[in-house]
Amino acid sequence: MRRLLVPPIKCQGIKTKLVPEIKSLMKNVDFERWIEPFCGSCVVALNIQPKKAVLTDANIHIIQFYKDIQNQAVTPGGVKEFLVEEGERLKTRGENHYYEVRERFNQVGNSYDFLFLNRACFNGVMRFNRKGYFNVPFCRKPERFSPAYITKIVNQVKAIATVIHSSDWVFETLDFQQTLSQAQPDDLIYADPPYIGRHVDYFNSWSEKDEDCLVASLQNLPCKFILSTWHSNEFRRNPLISKNWTSNGFHLFTKEHFYHVGSHEDLRHPMLEALITNFASTTYKPVQPEYAQLSLLERPFSGYVADHD
């Protein structure tokens, strides 16, 4: 089994753990073009590796970073040189240097600075204020960019550059409605919208009105789609699933995993993620209707139910 590619930039809500399930769901789906209206870190596309793709996001810096890899303005060698130099300055000057780079980035928007901040900020958080400025504080680790850590990032850039350079991919800064309006019958859409009330900032704010608009757009697509969202956790369940996705023609699949925010294991919590499609899977059985509205703690089982070994 091919090892998962991990992108060099970190994003909240990254779907690395769902990649195997997404690949299995679409195992026998024929399509000409892959479209993501919320591409984020691009972890799904980088592992699906479609020959042709349209990858869009509202975050201009994510899109510019991938464009710069595509046009070789950002290279593995350039990343190594940049992080060695900036890492030494960070080691010597500490948080003062971090905040100087942050100010420089907020004025100029350089992709190398973006990568540096993303890997040197607190807890790998990507957040922008109302003016669109990156505002995450320093991680308080002046020796962050050790030789081994730099090598790890450089290898990540090298791996994804190989995929991007061998593919016909278009990266654009667009909202989801503009992106979905391009859909054709032979496309496959993967939508991973922000969760209402979570990880909200300048680029990825999300409301119930946005959700309703997305639902209407997906339900009227001329092609197949996969939607990822949250189903429930130990405290509550997502009411929008029963509102929008329990009618005929849609299929719900769930997978439990743990997420944690903070530095301690006791902050780990189980989350039931949902994948919703407008096509049947030959790999997994969907959650039965009588279980679809049960929360994580109410369910007699959780996770995907496979048709195969």
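A: Within helix α3, which spans residues 60–70, the buried residues are H61, I62, I63, F65, Y66, D68 and I69. Buried denotes under 20% relative accessible area, exposed over 50%, and partly exposed in between, with a 1.4 Å probe and protein chains only. Helices (H or I, at least four residues) and strands (E, at least two) are DSSP runs, numbered from the N terminus. The model is predicted: local features need pLDDT of at least 70, side-chain atom pairs count only at pLDDT 80 or more, and totals for chains, interfaces and linings use all residues. Residues are numbered from 1 along each chain as its sequence is written, and side-chain values use heavy atoms, with hydrogens and water left out.

An α-helix has 3.6 residues a turn, so residues three or four places apart point the same way. The cover over the buried residues of α3 includes the helices α2 (43–48), α5 (95–108), α6 (111–120) and α7 (147–165), together with the strands β2 (52–57) and β3 (168–173); contact here means heavy atoms within 4.5 Å.

At the N-terminal end, α3 is capped by N59, which places a side-chain oxygen 2.9 Å from the backbone nitrogen of H61. After α3 comes Q72, with a positive phi near 65°. Q72 is not a glycine, and its place is in the loop between α3 and α4 (76–93). With a relative accessible area of 52%, Q72 is exposed.

N123 also has a positive phi, near 60°, and is a residue other than glycine. This residue lies in the loop between α6 and α7, where α6 is one of the elements covering α3. At 47% relative accessibility, N123 is partly exposed.

Turning to the second largest pocket, its space amounts to about 640 Å³. The lining comprises 36 residues, and F38, D57, D192, P194 and N204 lie nearest the centre. Two or more lining residues come from each of α2 and α8 (176–180). By class, 20 of the lining residues are nonpolar, nine polar and seven charged. A pocket is an open set of points on a 1 Å grid over the protein atoms alone, where a 1.4 Å probe fits, with protein on both sides within 12 Å along at least five of seven lines; lining residues have an atom within 4 Å of a point. The volume is the space filled by probe spheres set on the points.

Conventions. A polar contact is a pair of N or O atoms within 3.5 Å; within protein, one must be able to donate a hydrogen and the other to accept it, and residues adjacent in sequence count only if both atoms are side-chain atoms. Ala, Val, Leu, Ile, Met, Phe, Trp, Tyr, Cys and Pro count as nonpolar, Asp, Glu, Lys and Arg as charged, and the others, Gly among them, as polar.
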